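I opened my notebook to look up a few things in this structure. Here is what I had on screen.

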Amino acid sequence: MFTVFIKDVKAQKLEKINILTVLKALLFNQAVQLLVLYRLSRRVRSIWFFGPTLSSSLSYIIQVLTSCHINPGSIIMPGVYFPHPTGIVIGEGVVIEGKATIYQNVTVGQRNSYDKRYPVICTGAVIYTGAVVLGEITIAKNAIIGANSVVNKSVCAGRIVGGIPAVDLSQYE
């Protein structure tokens, strides 16, 4: 758990890592607070009797501190970068691999309440402000999703998409 915490702190692009930096990050950096509370929430939810209640309480604290809703059923690998963690919504079955970047007001989840299929965000993907990623799709390695885009189809590796609905913009480089 400690090595995961250090990877999360390093991913937030703080100055060199020492005990003072880690303490400052834990007390004052919303992204670090978000990830620590998410990881605790995910870990305690499997405790037999009080786990689900404690997990929900930690999720509520995340919402109060950062205005983000991250379901403890989602999987966020160590090293995800949240430059401005405000208004982010991540659904229950979402998988986010390390070194992905997610900006503020991003929604990643299912298409509707009946659909139980969720997106996978691969290593190095960048999702800019206000984007919505829905359904059983894959945002491949190093893909970029433009601000305020609605993505409902998979994005190939290294591609740039944007718009409503999102279309490939890589040809315009």
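My entries on the core, the sheet and one proline follow.

**Ground rules.** I'm working with a predicted model, where local features need pLDDT of at least 70, side-chain atom pairs count only at pLDDT 80 or more, and totals for chains, interfaces and linings use all residues. Residues are numbered from 1 along each chain as its sequence is written, and side-chain values use heavy atoms, with hydrogens and water left out.

**Core.** I looked up nonpolar cores, meaning sets of buried Ala, Val, Leu, Ile, Met, Phe, Trp, Tyr and Cys residues joined through side-chain atoms within 4.5 Å; buried is under 20% relative accessible area with a 1.4 Å probe, protein chains only. The largest one has 34 residues, and Phe82, Ile96, Ile121, Val133 and Ile139 touch the most other members. Helix 3 (30-44) and helix 4 (51-66) are the elements that give it two or more residues. Helix 3 gives the most, with six. Helices here are DSSP runs of H or I, at least four residues, and strands are runs of E, at least two, numbered from the N terminus.

What does Phe82 touch? Skipping residues up to four places away in sequence, I found Gln12, Ala31, Leu34, Leu35, Ile88, Ile90 and Ile102; contact means heavy atoms within 4.5 Å.

Five strands form an open, parallel sheet in the order 1-3-6-9-12. Strands pair if DSSP finds at least two bridges between them. Strand 1 (69-70) and strand 12 (150-151) are the edges. Ile70 stands opposite Ile90 in strand 3.

**Pro165.** I found Pro165 in the loop between strand 13 (160-162) and strand 14 (167-168). Beyond its neighbours within four places in sequence, Pro165 contacts Val150 and Asn152.

Notes
Buried < 20%, exposed > 50% of the residue type's maximum accessible area, 1.4 Å probe, protein only.
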